[in-house]
Amino acid sequence: MGERVAQQPRVDDRSPERGLGGTISAPRTLVPALLAAIAYVDPGNFGVNITSGAEHGYALVWVVVFASCSAMVIQYLAAKLGMVTGKSLAEHSSERFPGVGRLLLWAQAELVVIMTDLAEIVGGAIALKLLFGMPLMAGAVCVTLFSLAVLALKVRGRSHFDSVVLVLLVVIIASLVWQVFIADVDRVALLRSVVPGPLDSSAALLAVGIVGATVMPHALHFHSAASRGHDDGSAEVDQAGRLRAGRRTVRSVVIAMTVAGVANVSLVVFSAALPSEAGASIETAYAALSASAGQIVATMLAVALLASGLASTLVGVQTGDVVMQGFGRRPIAPLLRRLLAVVPALVILGIGVEPTNALVWSQVVLSFALPGTLVPLLLFTRDRRIMGVLVNHRLTTAVATLITAVIVGLCAYLVATGL
């Protein structure tokens with residue numbers, strides 16, 4: 001991911017490309033990366049990874065590894081776009097593609113936010129049902145109210161928000177790693193599963209869902225906004241400072257995505273070790289864990305799912321604001337956005353759709369929406385007028401292009417095999 005050091009033209013600090021003139025102030029790169037990592041361990045990941053492990057054993061671990069490595073590259077691009085320019089991906093997209101293009105990209109981004117919110121609310125509702133026997137509808141409302149309560153703590157900057165989300169991330173990772181620690185893992189089969197294998201129609205659906213759950217498009221909008229730096233107003237370009245900031249960003253993204261990757265592999269591994277009659281839903285996995293490993297272990301899974309739903313819904317609200325401000329150029333009240341977000345989840349639960357299936361299909365939709373986010377991001381980060389010395393290296397652009405092509409190919413394969 002190294003970047004080319006090129007002769008940088010002088011840029012007026014009043015330019016729309018804010019952040020190109022002067023040094024970049026972005027001392028915190030790890031915290032935004034870890035906050036974005038929450039999107040990679042949200043309830044959608046629980047749904048697709050537990051289902052894939054229960055139905056196909058370790059066979060789809062290679063998809064999780066591919067998606068996690070892809071996320072490192074893509075999240076790096078999103079982080080440095082915000083860090084260098086001081087603008088989010090949504091703001092750049094709105095400026096570069098005015099008119100119909102802006103409206104189409106806005107619609108795609110809002111669809112992504114809705115599908116993400118659906119997964120978070122449904123996942124949180126499932127967790128509350130497992131832990132307290134709460135009806136799914138009531139659980140969905142509770143998750144929504146929690147997100148509003150924590151967002152109200154944003155009185156003095158984002159410190160409270162960051163702290164709450166990071167604590168929940170620790171709870172998720174610790175719970176999932178413990179599940180693997182006590183599971184009966186076939187280490188040889190697990191190592192072999194890293195090599196790609198053929199996909200039947202069922203596996204193809206889950207593979208596309210895993211990609212959508214791991215390389216999440218809404219996390220790109222969030223990370224670009226959370227990493228925003230600012231121009232110090234000087235006329236000279238501090239190339240060395242920018243390159244140092246770029247290296248810090250690489251390290252931060254690799255750490256955060258590795259953490260998320262471990263969590264996702266853990267979900268597949270422990271669910272693959274469950275009895276075959278356990279089924280392929282979160283609720284049946286919980287029941288099987290309770291019967292085979294004890295109630296404490298099963299409760300830890302439910303706690304991890306609840307922490308995932310609560311943390312993800314907080315990040316989702318922030319992402320919705322970023323998208324609205326970037327494309328709509330005006331903020332929207334968190335209360336109104338939450339009310340809009342909860343409607344699809346309540347409808348899904350009200351008509352009786354199996355919750356884990358709803359989680360899987362929400363992630364499939366995200367995967368189909370990914371190219372609409374990846375292509376603009378790639379165009380912006382390969383443009384030297386926008387990125388300056390942190391413009392993509394040719395190899396970076398080639399790798400990101402290949403990742404986009406593989407994702408499009410997986411979606412096309414799913415359609416060809418009958419969806």
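**Helix packing and buried residues in a predicted model**

Let me begin with a contact between two helices. On the side of α2, the residues G44, N45, V48, N49, T51, S52, E55 and H56 take part, and they meet S202, A203, L206, G209, I210, A213 and T214 of α9. Sorted by class, this contact of α2 with α9 holds 5 nonpolar, 9 polar and 1 charged residues.

Helix α2 covers residues 43–56 and helix α9 covers residues 201–214; they pack at an angle of about 150°, and their axes lie 9 Å apart. Angles over 145 degrees count as roughly antiparallel, and α2 and α9 are therefore roughly antiparallel to each other. The crossing in which α2 passes α9 is left-handed.

Helix α9 has a further partner, helix α15, which comprises residues 355–369. Here the packing angle is about 70°, with the axes 7 Å apart. Angles of 65 to 115 degrees count as roughly perpendicular, so α9 and α15 are roughly perpendicular to each other. From α9, the residues L205, L206, V208, G209, V211, G212 and A213 meet V360, W361, Q363, V364, L366, S367 and F368 of α15. This contact of α9 with α15 divides into 10 nonpolar, 4 polar and no charged residues.

Let us stay with α15 for a moment. Its 15 residues reach 21 Å from the first C-alpha to the last, close to the 21 Å expected at 1.5 Å a residue. Is this helix largely enclosed or largely open? Of the 15 residues of α15, 11 are buried, so the helix is largely enclosed by the rest of the structure. Among the buried residues are P355, T356, A358, L359 and V360. Q363, V364 and L366 are also buried, and Q363, V364 and L366 each belong to the contact with α9 as well.

I turn now to helix α5, residues 100–132. After α5 comes G133, whose phi is positive, near 70°.

Within α5 we find E120. With a relative accessibility of 1%, E120 counts as buried, because the cut-off is under 20%. Which residues surround E120? Leaving aside neighbours within four places in sequence, E120 is in contact with D42, P43, V143, H218, G309, S312, T313 and G316.

At 2% relative accessibility, V269 counts as buried. Not counting residues up to four places away in sequence, V269 touches Y58, V180, V185 and L190. V180 lies 89 residues from V269 along the chain, yet their C-alpha atoms are separated by 6.6 Å.

The other residue is F380, in helix α16, which runs over residues 371–381. F380 is buried, with a relative accessible area of 1%. Apart from neighbours within four places in sequence, F380 is in contact with L81, L89, H92, S93, R96, F97, I386 and M387. F380 and V391 are 11 residues apart in sequence, and 8.8 Å separates them in space, C-alpha to C-alpha.

Notes. Residues numbered from 1 in each chain as written. Predicted model: local features only at pLDDT ≥ 70, side-chain atom pairs only at ≥ 80, totals over all residues. Heavy atoms only, no water. Helix = DSSP H or I, 4+ residues; strand = E, 2+ residues; numbered from the N terminus. Expected span 1.5 Å × (residues − 1). Axes fitted to C-alpha atoms, helices over the stretch in contact; angles between N-to-C directions. Parallel < 35°, antiparallel > 145°, perpendicular 65-115°, else oblique. Left-handed = near helix turned anticlockwise from the far one by under 90°. Contact = heavy atoms within 4.5 Å. Nonpolar A, V, L, I, M, F, W, Y, C, P; charged D, E, K, R; others polar. Buried < 20%, exposed > 50% of the residue type's maximum accessible area, 1.4 Å probe, protein only.
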